[in-house]
Amino acid sequence: MGFASEIKKSKVLFSLASGCNLYYCDGSESEVFGKTVKLLRHVKPALRKGGKSGEVFYMRAVPSGLAGVFDTKHWVNIIRKPVNTMHYIWPVDIVDVADERGNPMPALVFPYRPHSEYSRLTPFLSNLDMDSTPQNYWPDSGCYLGLENDRVRGVADSLLKAWCSCSASKYAYHEFSYENMHYEPNMCKVKFDFSFSMHSAQDLQDCSFVENSRITSDYADTHYYSSGAGSMDLASDYYSMAAILFKLLVGRLPYAGGILEGEPNGNEKEHSAWMKAYHSNPVFIFDPWDASNRLGGGEPEIYEIRWQRLSGELRGMFQSAFKPANALRKAKNPRFYSPWDWKNALECNYYSCS
């Protein structure tokens, strides 16, 4: 196919999954979802249907903190059991590359496709919006957050469809962050970048070690963040789901009330310190049993309005999910709502509002 001369100038990488795929890397780079990645070219015909020599892929090395947790067999199993790729970036192969010291380390291989039509979900979820005036505007439409915004509904629906497909495939995702969640503005379709903390989870308590630097503390399970155990389970994802939906529908983090007013929008160190205090005071801002963290008057009243627009079922689910004993896993019967639970409750709320 005329690749011989190019291969001589490049580094050849062999598949650890199939044994008959190889790639060459000449150092070319590109950007995928804001991350700089190394490009690969496929040399032999791919085993996948429609594969051909010369296809362009990209690779991302497994983070060093997770390389010793998950072995090659784990990654091969992930590759061979994909979730719905409409909603998730998913690897198709695994190769060995060398780290800075020359030691071999695994890297996952992904199909290279442009994703320029996608934007980050930051306008919805960034804490920079929390203290702006007026609150939580869409930059391109001037619309508020909340269920009255059709685009919020569209994104919430797509988010839950994505989570349903992940849960149906028996995976825990964990790395819910501003960098990993994207949407297509016209259709509000959500797409997740690949999570290196992804693991098989048959039960809510099935857990695995995660690398703290890859976790966004804003949506991290309060139990994980406060316990320092270094591992998350599927129930952690269910907590994150509730926190993200609450931010979408109401505009605030669930515990950022009177005790913690005035989140600093400064540097990362300040935000990290604030989040440590945030997770150590898990009193829900609309907790019916504890009013110590209620929002103050004035501008924050918009959050109360959005809260009251939710159905009684949705409010009850949020109150249970964010109850301190539940969030810290100290309740006798913790309540964790599945993506299907949230999807059904939101659909019922839409019909009651229409």
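Reader: Is Phe284 buried or exposed?

Author: Phe284 counts as buried, at 1% relative accessibility. Buried means under 20% relative accessible area, exposed over 50%, partly exposed in between (1.4 Å probe, protein chains only). The model is predicted: local features need pLDDT of at least 70, side-chain atom pairs count only at pLDDT 80 or more, and totals for chains, interfaces and linings use all residues. Residues are numbered from 1 along each chain as its sequence is written, and side-chain values use heavy atoms, leaving out hydrogens and water.

Reader: How is a pair of aromatic rings described?

Author: By the distance of the centres and the angle of the planes. Rings of Phe, Tyr and Trp (its six-membered ring) pair if their centres lie within 6.5 Å; planes under 30 degrees apart count as stacked, over 60 as edge-to-face and the rest as tilted. That rule gives 35 aromatic pairs. One of them joins Phe284 and Phe322: 5.2 Å centre to centre, 45° between the planes, hence tilted.

Reader: Which parts of the chain does the pair link?

Author: Distant ones, 38 residues apart. Phe284 sits in the loop between helix H8 (268-280) and helix H9 (301-309). Phe322 sits in the loop between helix H10 (312-321) and helix H11 (324-327). Helices (H or I, at least four residues) and strands (E, at least two) are DSSP runs, numbered from the N terminus.

Reader: Why is the pair of Phe318 and Phe322 stacked?

Author: Their ring centres are 6.0 Å apart and the planes meet at 5°, so the pair is stacked. Phe322 is buried, at 0% relative accessible area. Phe318 is also buried, at 0%. Phe284, Phe318 and Phe322 belong to one aromatic cluster, whose members include Trp274, Tyr278 and Trp342.

Reader: Where does Lys323 lie?

Author: Over the face of Trp289, at 4.6 Å from the ring centre. A charge sits over a ring if NZ of Lys or CZ of Arg is within 6 Å of the ring centre and within 35 degrees of the ring normal. Lys81 lies over the face of Tyr171, at 5.5 Å.

Reader: What is the strand order in the open sheet of 3 strands?

Author: S8-S10-S11, with antiparallel pairing. Two strands pair if DSSP finds at least two bridges between them. The edge strands are S8 (119-120) and S11 (189-192).
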